[in-house]
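Opened a new structure today and jotted things down as I looked them up. I wanted the overall picture, then a handful of residues.

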Amino acid sequence: MSQMMEEIVQQPAAVAAVRKFYTSPGAIPLKTLRKLVRHWPPTVVFTGMGSSLNAALPAQAFLTAHGIRTLVWETAELLHHHMKALQPDTLLIAVSQSGETVEIVRLLDHLGKRRRVVAVANVEASTLARRASLLLPMLAGKQTSVSTKTYSCAVTVLMYLAFAIARQSQRSLTESLMHAIEAQEQILEEHDVLTSPTLEFFDDPPYVALMSRGADLASVYQGALMFKEVARLAAEPISAAQFRHGPIEIINPAHRYIIFARQGLKKGSARTAKLLLRLARDIQAHGGKVLLLTDEPFDVIPNTRLIPVEPLRWCLGTLVDVLHMQLLVHDLALRAGREPGEFWIADGVTRTE
């Protein structure tokens, strides 16, 4: 078993550990959070790079749905171009698996003594963890390969934080997490049955486009990142709406199009999913081959590989959908004769801008 696969398999237990920790009283001290900003509710700014940035998108969707202004900002862009947007009512939440990413460290340096930062980090002895006003640990354990379990744990921690900020009961989130963990375990048990046909359908395309809307854009961006890091394929993350505004002209039988078509923020809200299913049919009608992950009914049509997924509330679909992507890119790398998740050029921790 590769190192990457070992860490993929550890995800259900890691997410369960996060769930257990953050359901304990005082795990997220609301009084401490309120002291970090002048007004409440605050303007929330999530910042990170790579998978740490992608993990914040579900929490952003949840908070904005509850009327709380929330931004997700790439740390490099925030640091070099948008620092004046941080005001006394801004709750700045920095997400970094290592806590040592160059942009995060320089952001802390720039903020200086006036920094008021909530850290979500996996390495609790890191610069970010030590210098933040409040640390919320990811609890993923050691991550050696590309981000797999640290992504899932970051999504989970940030959702618990979002519920705390919105003053919402955690009970329904915890219940949905239990369903997500069970779905992860089932996918891992059925890995060969599920992934082998997808691998054959996928083949070796010159271009992959990943699409969705809303909170599921987290799966789009994280999936595209993993196609580049692990499978070494040209992968473009794009919102499904933007794809219709010109990029739809690129449809080609040699390409592959991955669509995540889930219900909305709450179970039973299927409008977004219907728009995405319509896009899948339109791509297929113009000769494109579509890998479709959906929790909605869908009649199989030619040149479409359907993966039914567990319906999950509260923007947690990415915990299941990205697991499918992890297994796919892992097996694509193996088929190409590469060690999955092994960096050739980049480092596990980016220290150069």
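I started with Pro41, which sits in the loop between α3 (30–35) and β1 (43–48). The peptide bond joining Trp40 and Pro41 is cis, with omega at about 5°. I keep in mind that this is a predicted model.

Asp203 has a phi near 60°, and its place is the loop between α11 and β6 (208–212). I get 43% relative accessibility for Asp203, so it counts as partly exposed.

Arg232 also turned up, with phi near 60°. I found Arg232 in the loop between α12 and β7 (235–239). Its relative accessibility is 28%, so Arg232 counts as partly exposed. I noted these spots because most residues other than glycine have a negative phi, and most peptide bonds are trans.

**Overall picture**

I then stepped back to the whole chain. I count 15 helices and 10 strands in the secondary structure. The C-alpha trace spans about 60 × 45 × 40 Å along its principal axes.

Does the radius of gyration agree or disagree with a compact globule? For 353 residues the rule gives a value near 20 Å, and the protein has 20 Å, so the two agree.

Burial came next: 56% of the 353 residues count as buried. The protein exposes about 15,200 Å², and carbon and sulfur atoms supply 49% of that. Of the contacts with a separation of 6 or more, 73% are between residues 24 or more positions apart.

I also checked the charges. There are 37 positive and 33 negative ones, and their mean positions are 12 Å apart.

**Aromatic rings**

I found seven aromatic pairs in the structure. Phe202 and Phe227 make a stacked one, 5.4 Å centre to centre with 20° between the planes. Phe202 belongs to helix α11 (residues 191–202) and Phe227 to helix α12 (residues 217–231), so this pair ties together parts 25 residues apart in sequence. Phe202 is buried at 0% relative accessibility, and Phe227 is buried with a relative accessible area of 0%.

Elsewhere, ring pairs link Phe21, Tyr22 and Tyr160 into a cluster.

**Gln222**

Is Gln222 buried or exposed? Gln222 lies in helix α12, and with a relative accessible area of 0% it is buried. I listed what Gln222 touches, not counting residues up to four places away in sequence: Ser51, Asn54, Ser147, Tyr151 and Val322.

**Met83**

Met83 is in the loop between α6 (75–81) and β3 (90–96). Although it is a loop residue, Met83 counts as buried at 13% relative accessibility, since the cut-off is under 20%. Leaving aside neighbours within four places in sequence, I see Met83 in contact with Leu78, Leu107, His110 and Leu111.

**Glu6**

Last stop, Glu6 in helix α1 (residues 3–9). Its relative accessible area is 34%, so I put Glu6 down as partly exposed. Glu6 and Gly26 are 20 residues apart in sequence, and I get 32 Å from C-alpha to C-alpha.

How values were computed
Residues numbered from 1 in each chain as written. Predicted model: local features only at pLDDT ≥ 70, side-chain atom pairs only at ≥ 80, totals over all residues. Heavy atoms only, no water. Helix = DSSP H or I, 4+ residues; strand = E, 2+ residues; numbered from the N terminus. Rg over C-alpha atoms; globule rule 2.2 N^0.38 Å. Buried < 20%, exposed > 50% of the residue type's maximum accessible area, 1.4 Å probe, protein only. Contact = heavy atoms within 4.5 Å. Areas by Shrake-Rupley, 256 points an atom, 1.4 Å probe, with all protein chains shown as cover. Lys, Arg positive; Asp, Glu negative; His and termini not counted. Charge placed at Lys NZ, Arg CZ, Asp CG, Glu CD. Phe/Tyr/Trp six-rings, centres within 6.5 Å; stacked < 30°, edge-to-face > 60°.
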